[in-house]
Amino acid sequence: MVFLRVLKLFLVEAVESLGRGWRLALPALITIASAVAVVGAFLTASATAGRVLAAWSETAELSVFLDAGIADAARARVEAALRDAPAVAAVAHVDRAEAAWRFAREFPDLAPLAASLGTSPFPASYEARLRPGVAVGETDALVARLRRLAGVVDVRYDRALIDRAAALLETGRRLALVIAALLGLSAAVVVASVVRLSYASRRDEVEILLLVGAPLAAIRGPFVVEGFVQGTLGALAGLAVLAAGFAGLRARFGTALAAALGADRFAFLPWTAALALVVASALVGALAGWLAVGRRQLVLRG
Amino acid sequence: MIETYHLSKIYTRGVHALRDVSVRVEKGEFVFLTGPSGAGKSTFLRLLVRQELPSDGQVSVGGRSLVSLSPAAVQEYRRTVGFVFQDFKLVERKTVLENVAMVLRVMGVPEPIQQRRTLQVLQGVGLQHRLNAFPPELSGGEQQRVAIARALVNEPTIVLADEPTGNLDPDLALEVMDLFRAINARGTTVVVATHDRELIRRVGHRVISLEHGRLITAG
């Protein structure tokens, strides 16, 4: 009960202090909101890229191009090698005519040129869809085995591209983490400065409380809660800005993004991540408030 | 109850605020601490409330040395001491009631008890009709009475006052002194620092005199 009473007092004091010094608190709120919006945007982009890569990984394909004069027996061996491989989920044969048709569909301007050659200049191939989560080593071994088979002129494997994109995404995530840490630090410094100013404006009150023997935690409490409230409000404002930006982006480019990335892959921050951002921001604010009015400072003043 | 042994306080650049002061104030006693400006009265009180540490010597209250107290123990000790300032040190944005209750609020005292104790002490200093007034709306004497009420609300065993009548006219000064006498009559030890010799003569109690940080008389 005493704890709840004291907590309520801290909250009332903190909110009153923010109300009195809102002009001072505004830069801190803007800094926190910007930091949260930037980190949130990074997380949203990262989650979207992750979903796209996961989808690509699930549909990763292996193309085995065949020699124009491949014997039926050799072709059957290639097909058997693919169908027997545990990494392969499905196999489809693309003959030369279908390859030419696909080319004409993808590049209509060049279609007459290809048609003028008489016979299809494109090789027949096997397209194999890989199972999701297949180890890269296993796929590499399969590719090497296929390349050694008679009648195989080339093997194209888009997994390497996906792996490179995944590595790039991981680097981006690490960079985002560093940026988040820097933004968090700068927000903490701004909050600490605002709390310090609030402390300076209530110095007489603090002196009185020290002289009447108020517990040091009770004196620091309102300043810690003030930082906590700033962190929470700033984070909520940042998320609101991010949500508005996301809604605007989806309204303007939603169709194009859905076509490019796939439906439902461009989604807002999950609520757990948003909650984590608010909690982290509140804790950074509280820590800044706690550091701004240090115990040592109070003891020395006392 | 309050004892100092060879108490000295030297500030930076070698300024001696107190030199070798040994005095004793008994429990329930009313003592004036006097001397001209710069005599060391305020320093003496700051050492008694553990706002500062002595450069040399000892200061003890109720048999407990104040020098070696931990920060938490300092706060615990201060709850037994009421302090009254010359400039009142009231929080202007808080009402009379809030200024006095503030002490109990931060200690987590339940609201009904806060209310009862605050009203009691404000009644004791004759300000029960100004509960919702803000400090700037009060006269100097009223402000000092609020400060005294705030010092008393925690039921201290010692009250220390640093020039409590310094900003008041002689009639108001006597009124405030009457309050201190009433507090003392209930068994509270009272130490009042003042340079007003006329006031001391009219109130009459033991006097500890300081000059240039040295003890001149201890009554």
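**Stop 1: the nonpolar patch on chain A**

Select helix α10 of chain A, residues 271-292. Helix α10 gives the most to a nonpolar surface patch, with four residues. Helices here are DSSP runs of H or I with at least four residues, strands are runs of E with at least two, and both are numbered from the N terminus. Now color the whole patch: A:F228, A:W271, A:L275, A:V279 and A:L283. Together they make about 550 Å². Patch residues have over 30% relative accessible area and no salt bridge; nonpolar side chains (Val, Leu, Ile, Met, Phe, Trp, Tyr) are joined within 5 Å, and like charges within 9 Å. The areas come from the Shrake-Rupley method with a 1.4 Å probe, and for residues only the protein chains shown count as cover.

Before moving on, note that this is a predicted model: local features need pLDDT of at least 70, side-chain atom pairs count only at pLDDT 80 or more, and totals for chains, interfaces and linings use all residues. Residues are numbered from 1 along each chain as its sequence is written, chains are lettered from A and ligands numbered from 1 in the order in which they are written, and side-chain values use heavy atoms, with hydrogens and water left out.

Zoom in on A:F228. A:F228 sits in helix α9 of chain A, residues 216-261. The terms have cut-offs: buried is under 20% relative accessible area, exposed is over 50%, and partly exposed is in between (1.4 Å probe, protein chains only).

**Stop 2: a glycine in chain A**

Select A:G40. A:G40 belongs to helix α2 of chain A, residues 22-58. A:G40 is buried, with a relative accessible area of 0%.

**Stop 3: salt bridges**

Across all chains, the structure holds 19 salt bridges. A salt bridge is a side-chain nitrogen of Lys or Arg within 4 Å of a carboxyl oxygen of Asp or Glu.

Show the side chains of A:R83 and A:E79. They meet in a salt bridge, at 2.9 Å from N to O. Both are in helix α3 of chain A (residues 72-84), four residues apart, so about one helical turn separates them. An α-helix has 3.6 residues a turn, so residues three or four places apart point the same way. A:R83 is partly exposed at 48% relative accessible area. A:E79 is partly exposed at 22%.

Next, select A:E127 and A:R102. Their side chains form a salt bridge of 2.5 Å, N to O. Which parts does the pair tie together? A:E127 is in strand β3 (residues 125-130) of chain A and A:R102 is in helix α4 (residues 96-106) of chain A, so the pair ties together parts 25 residues apart in sequence. A:E127 is buried at 19% relative accessible area. A:R102 is partly exposed at 25%.

Move to chain B. B:K89 forms a salt bridge with B:D87, and the closest N and O atoms are 3.5 Å apart. B:K89 counts as buried at 16% relative accessibility. B:D87 counts as partly exposed at 44%. Then select A:E13, A:R202, A:E226 and B:K94: salt bridges that share partners join them into one network.

**Stop 4: helix α1 of chain B**

Select residues 41-48 of chain B. This is helix α1, and six of its eight residues are buried. Those buried are B:K41, B:T43, B:F44, B:L45, B:L47 and B:L48. Just after α1 of chain B, click B:R50, which takes a positive phi of about 60°.

**Stop 5**

Select B:D20 in strand β2 of chain B, residues 16-25. Phi of B:D20 is near 50°, a positive value in a residue other than glycine. B:D20 is partly exposed, with 44% relative accessible area.

Now go to B:E155, in the loop between α5 (140-152) and β7 (158-162) of chain B. B:E155 is not a glycine, yet its phi is positive, about 50°. B:E155 is exposed, at 54% relative accessible area.
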